[in-house]
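Good morning, everyone, and thank you for making time for this. Please have the sequence and the model open while I talk, and I will go through a few pieces of the fold in turn.

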Amino acid sequence: MGDMSDFRKLMSVRLRDDFILDSPILPASGTFGYGDELIDIVNLDYYGGLITKTITLEEREGNPPERIFETKCGMLNSIGLANIGLKRFLKEKSEFLKNLRIKKIINIAGNTEDEYLRIVEDLDKYNWIDGYEINVSCPNVDKGGIQFGKDCITLSNLISKVRKLTKKLLIVKLSPNVDDIVSIARVCNDNGADAITLINTVYGCAIDIYKKKPVINRVIAGYSGPAIKPIAIANVIRVKSEVNIPIIGVGGIFSSEDAIEFILAGASAIQIGTAHFNNPLIAEEIYNFIVEYCRKNGILNIADLVGAALK
């Protein structure tokens with residue numbers, strides 16, 4: 001491979017007129033920490049941006065164990081948005097994040113609408129923050145999370161109010177565990193979101209047949225990994241034709257071919273999640289594969305591949 005600067009034109013992704021990623025690859029929130037934990041292992045140059053672990057207004061311990069379980073085809077998790085909270089995030093992570101060359105996107109969640117708004121209002125003072133991913137899709141908390149992402153009116157109010165507080169990039173991360181994800185996506189499109197992330201985890205459960213009890217303390221957890229890829233791709237296809245904003249595809253990407261599949265289905269960019277635990281260097285592999293794939297197929301910019309399978 002040549003110098004990465006040679007591939008910027010090929011690999012650049014425009015999420016809105018003034019927001020361009022140098023790579024279509026992003027880490028899924030919750031699988032990459034705040035970036036500083038992995039800086040000695042991965043080369044961040046292969047990522048278009050860094051999406052942080054979810055931040056809430058106050059610190060959260062998360063759910064009690066057991067809260068992670070590996071299955072044959074993926075992983076169950078019920079972390080419950082455990083995080084250091086807004087105050088500690090700004091105190092402990094700002095210096096590291098503001099010195100990164102790539103885009104910084106902060107994933108945020110709240111128990112109430114007011115908490116979301118207070119977080120955005122506080123974070124928006126910092127010029128080193130490039131955008132937000134609004135998490136309205138976590139299945140592992142009793143308040144907030146998916147409660148905001150399954151009702152069109154509630155979500156409409158939240159997104160429109162967040163939009164008024166910031167000019168930075170605004171992404172909304174949606175759940176497949178809803179009755180009508182297309183309507184939910186339209187709400188995001190119509191109320192100021194710049195992009196949509198599809199999808200968060202699906203509901204899942206596993207039972208220990210010897211203990212005769214669920215392996216996860218909360219019983220039902222979020223399920224991720226290779227098995228959910230067809231579900232995620234189906235949701236990308238369903239939503240793509242109904243919105244005018246870019247889709248960021250996530251769910252079950254474990255290979256370079258998986259990433260191309262999402263782009264051909266309609267995703268402008270992709271997020272790598274559970275695969276980071278198996279292969280921390282996967283972004284580099286996917287980046288190089290996409291470059292070669294585009295060269296072999298005469299593609300001048302990756303945008304020409306977006307949704308090409310359905311045109």
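Let me begin with a term: a residue is called buried if its relative accessible area is under 20%, exposed if over 50%, and partly exposed in between, with a 1.4 Å probe and protein chains only. What we have is a predicted model, in which local features need pLDDT of at least 70 and side-chain atom pairs count only at pLDDT 80 or more, while totals for chains, interfaces and linings use all residues. Residues are numbered from 1 along each chain as its sequence is written, and side-chain values use heavy atoms, with hydrogens and water left out. Helices (H or I, at least four residues) and strands (E, at least two) are DSSP runs, numbered from the N terminus.

I start with strand E6, residues 74-77, which is covered on both faces: Gly74 and Leu76 are buried on one side, and Met75 and Asn77 are buried on the other. In a regular strand the side chains alternate between the two faces of the sheet.

Which strands pair with E6? Pairing here requires that DSSP finds at least two bridges between two strands. Strand E5, residues 68-71, pairs with E6 in the antiparallel sense over four bridges, and a hairpin of two residues joins E5 to E6. E6 also pairs with strand E14, residues 221-224, again in the antiparallel sense, over three bridges. Asn77 of E6 is the bridge partner of Ile68 and also of Gly222 in E14, while Leu76 stands opposite Tyr223 in E14.

Taken together, four strands form an open sheet in the order E5-E6-E14-E11, with antiparallel pairing. E5 and strand E11 (202-204) stand at the edges with a single partner strand each, so one side of each is left without a neighbour in the sheet. Neighbouring strands of this sheet are turned against each other by 35 degrees on average, direction ignored.

Elsewhere, strand E1 (residues 13-16) pairs with strand E2 (residues 19-21) in the antiparallel sense over three bridges; a hairpin joins the two through two residues, and Val13 stands opposite Leu21 in E2.

Finally, the helices. Helix H6 (residues 181-190) packs against helix H7 (residues 229-240) at an angle of about 55 degrees, with the axes 9 Å apart; axes are lines fitted to C-alpha atoms, for helices over the stretch in contact, and angles run from 0 to 180 degrees between N-to-C directions. In contact, meaning heavy atoms within 4.5 Å, are Ile181, Val182 and Ala185 in H6 with Asn235, Arg238 and Val239 in H7.
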